[in-house]
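Here is a structure to explore step by step. Take a moment to turn it around on your screen, and then let us walk through it together.

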There are 2 protein chains.
Amino acid sequence: MKTYTVAVVGATGAVGQKMIETLEKRNFPVGKLKVLASKRSVGKTVTYKEKEYVVEEALPESFKGVDFALFSAGGSVSKELVPEAVKRGAVAIDNTSAFRMDPNVPLVVPEVNAHALKEHAGIIANPNCSTIQMMVALKPIYDVYGIEKIVVSTYQAVSGAGDKAIHELKTQTNEVLTEKEMTKQAFPHQIAFNVIPQIDVFEENGFTKEEMKMVNETHKILEDVSIEVTPTCVRVPVVFGHSESIYIETSKSYDLEKVKELLTKAPGIAVVDNPENKEYPMPVDAEGQYDTYVGRLRRDLFHENGLNMWVVSDNVLKGAALNAVQIAEELIK
Amino acid sequence: MKTYTVAVVGATGAVGQKMIETLEKRNFPVGKLKVLASKRSVGKTVTYKEKEYVVEEALPESFKGVDFALFSAGGSVSKELVPEAVKRGAVAIDNTSAFRMDPNVPLVVPEVNAHALKEHAGIIANPNCSTIQMMVALKPIYDVYGIEKIVVSTYQAVSGAGDKAIHELKTQTNEVLTEKEMTKQAFPHQIAFNVIPQIDVFEENGFTKEEMKMVNETHKILEDVSIEVTPTCVRVPVVFGHSESIYIETSKSYDLEKVKELLTKAPGIAVVDNPENKEYPMPVDAEGQYDTYVGRLRRDLFHENGLNMWVVSDNVLKGAALNAVQIAEELIK
């Protein structure tokens, strides 16, 4: 069997570690693994298939001989090193937002638009975590009925902001419970027992960058700029698993049972929708899972083509690491 | 000064205690206070103006001589005892859903529809907590521009489910942090570090009762059944303060600065909307406050009459206890 040299950049971060774990769990044909990170992580070790790998500094020459370079070390690292990796013959799969809107870079969710991979020129972008799970859930509906409007409110886990944020939620929660003085670093406000209606910075139009990603990336992935997307992105005190309350208006009238059937058959989706048994998607159940969970499917009370749903997925897996590995899998098919 | 005999039914509960505290803080002209509850709370004490009051069992005859009876002891208690209180000459202000949709019972948010109080026949209903804060925030806009559509997703605090739920969130959170076995009683699922997309039971149409309250109560309070309301109600691990992500479509085109001005001048609203300084409403800031906080006001990117906002209020105060006391204040004006 053909094997590949794979580099993971940002190997010690929340997503990087999951990338390595996912490569192992899905038995990706890794011949050689290179674990790279910034200078300050050099010397740390990560485990892959019961072997320890020492982290090396990510430098342009690190990518010599690399087939796939999975990047998740922040936008500025990607901007600098992704072109270096490509120059040396690697295919770069970038989890940051650095290249997502570049017209020459495919933005790919394999279940949704794997076809876009044919056009790549060395760089493939992994969409934003909130966009990925929404695309997985909406694509089967879009294909059959069309979608004119999306109003989405998110309930995003702190792990989307990295290891520091996970640590901060736990530390702060303990401080609040024991009435100690509260420490704050990863988030601008208390996150323990609170919700923060801001993710990433604000743009002039009053939307945050995270919200604009959901708009622009949806348009690019579905290749349809006519869809009206209205997002509100909110951080909640959850460790893993983003949830989304989604209202859509389809172009054609839909049949609710048919929608459930479409979603049940769709790749990467698990329908959990038995309200009579109090069964619906929740972050604690999605944690560590590959699927995107869809539930609370119900026809709007007023708009004939209105459809409501609740979508949950592990933001670090399908929202980042898993999606990147799936892209590599598609490329070697 | 004229004083009134006030009875609080459910005096030991989360809302009942806040009712007593609010009567004191707002200096309501209480002549005599009666603290009532179910049998199992008899003998407990509550404090009002530094004096201890012993809880008595709520019985039909308890309401003799009572001017205002504030009910917050559950729907079945209200169904049984509200008519008994009214029969004995009291005005019953009921925080449960028992009488809200009764056409003979005004459903009142004083800042929004105090005029409806003129029609009462002894019973006045306090709306659902999620509805109240949405009505406070939307009424000034409705009056000037009209509202055709509301899509709302809630982030509701556990205190809406009572003292047991507050206790459960804290206990469970500690159990998760210390990796102990998790106990569960108030909620059907883990609430610590999780979100639950169910509040109250499900109806046949796939919406929960809590969601249907937001639809029906909005129609009744604004006296306008033409408004399309699409709610998704979600419990989050927050102790006090409900948050709402609201998207509306106005009937007439609006001016965003004028909307901010209208809201700033409106009673019961505090506009907190300085994204450049990371200032927006959050539950930890709303806790213990009387105002409904509105922020993240922004014009929709696609729909000219689309308007997005983020609304937070203390669910136990404006969402329950304060609103009830304000109704009594209106009645003695």
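Two residues are said to be in contact if their C-beta atoms, placed from the backbone, lie within 7 Å. Keep that in mind as we look at this predicted model, starting where its chains touch.

The contact is made by 48 residues from chain A and 48 residues from chain B. On the side of chain A that touches chain B, the elements giving two or more residues include α5 (163-177), β11 (242-250), β13 (292-299) and β14 (306-313) of chain A. The largest share, four residues, comes from α5(A). Sorted by class, this side of chain A has 25 nonpolar, 16 polar and seven charged residues.

How are the copies arranged? A rotation of 180° with 0.0 Å of shift along its axis superposes chain A on chain B, with an RMSD of 0.0 Å. The two copies are thus related as by a two-fold rotation axis. The interface fits this picture: 100% of the interface residues of chain A are also interface residues in chain B, so the copies meet through the same surface.

Now let us look at one of the strands at that surface, β14(A). Is β14(A) enclosed or open? Eight of its eight residues are buried, so β14(A) is largely enclosed by the rest of the structure. Its side chains point two ways: A:G306, A:N308, A:W310 and A:V312 go one way, while A:L307, A:M309, A:V311 and A:S313 go the other, and all are buried.

Which strands pair with β14(A)? One is β11(A), which pairs with β14(A) in the antiparallel sense over eight bridges. Within β14(A), A:N308 stands opposite A:Y247. Another is β13(A), also antiparallel to β14(A), over six bridges. Here A:Y293 has A:V312 as its bridge partner in β14(A). A hairpin of six residues joins β13(A) to β14(A).

Next, move to a helix, α1 (residues 14-25) of chain A. Its twelve residues reach 17 Å from the first C-alpha to the last, close to the 16 Å expected at 1.5 Å a residue. Helix α1(A) is mostly covered, as nine of its twelve residues are buried. Among them are A:V15, A:M19, A:I20 and A:L23. An α-helix has 3.6 residues a turn, so residues three or four places apart point the same way. What covers the buried residues of α1(A) includes β1 (4-9), β2 (30-37), β3 (45-48), β6 (68-71), α5 and α9 (317-332) of chain A.

After α1(A) comes A:N27, whose phi is positive, near 55°. With 7 C-beta neighbours inside 10 Å, A:E179 counts as exposed, whereas A:D200 is partly exposed, with 16 other C-beta atoms within 10 Å.

Finally, visit chain B, where B:I199 sits in the loop between α5 (163-177) and α6 (209-222). Is B:I199 buried or exposed? A residue counts as buried if 20 or more other C-beta atoms lie within 10 Å of its own. B:I199 has 21, so B:I199 is buried. Residues that B:I199 touches include B:Q156, B:T208, B:C233 and B:R235.

Notes. Residues numbered from 1 in each chain as written. Chains lettered and ligands numbered in written order. Predicted model: local features only at pLDDT ≥ 70, side-chain atom pairs only at ≥ 80, totals over all residues. Nonpolar A, V, L, I, M, F, W, Y, C, P; charged D, E, K, R; others polar. Least-squares fit on C-alpha atoms with pLDDT ≥ 70 in both. Expected span 1.5 Å × (residues − 1). Pairing = 2+ DSSP bridges.
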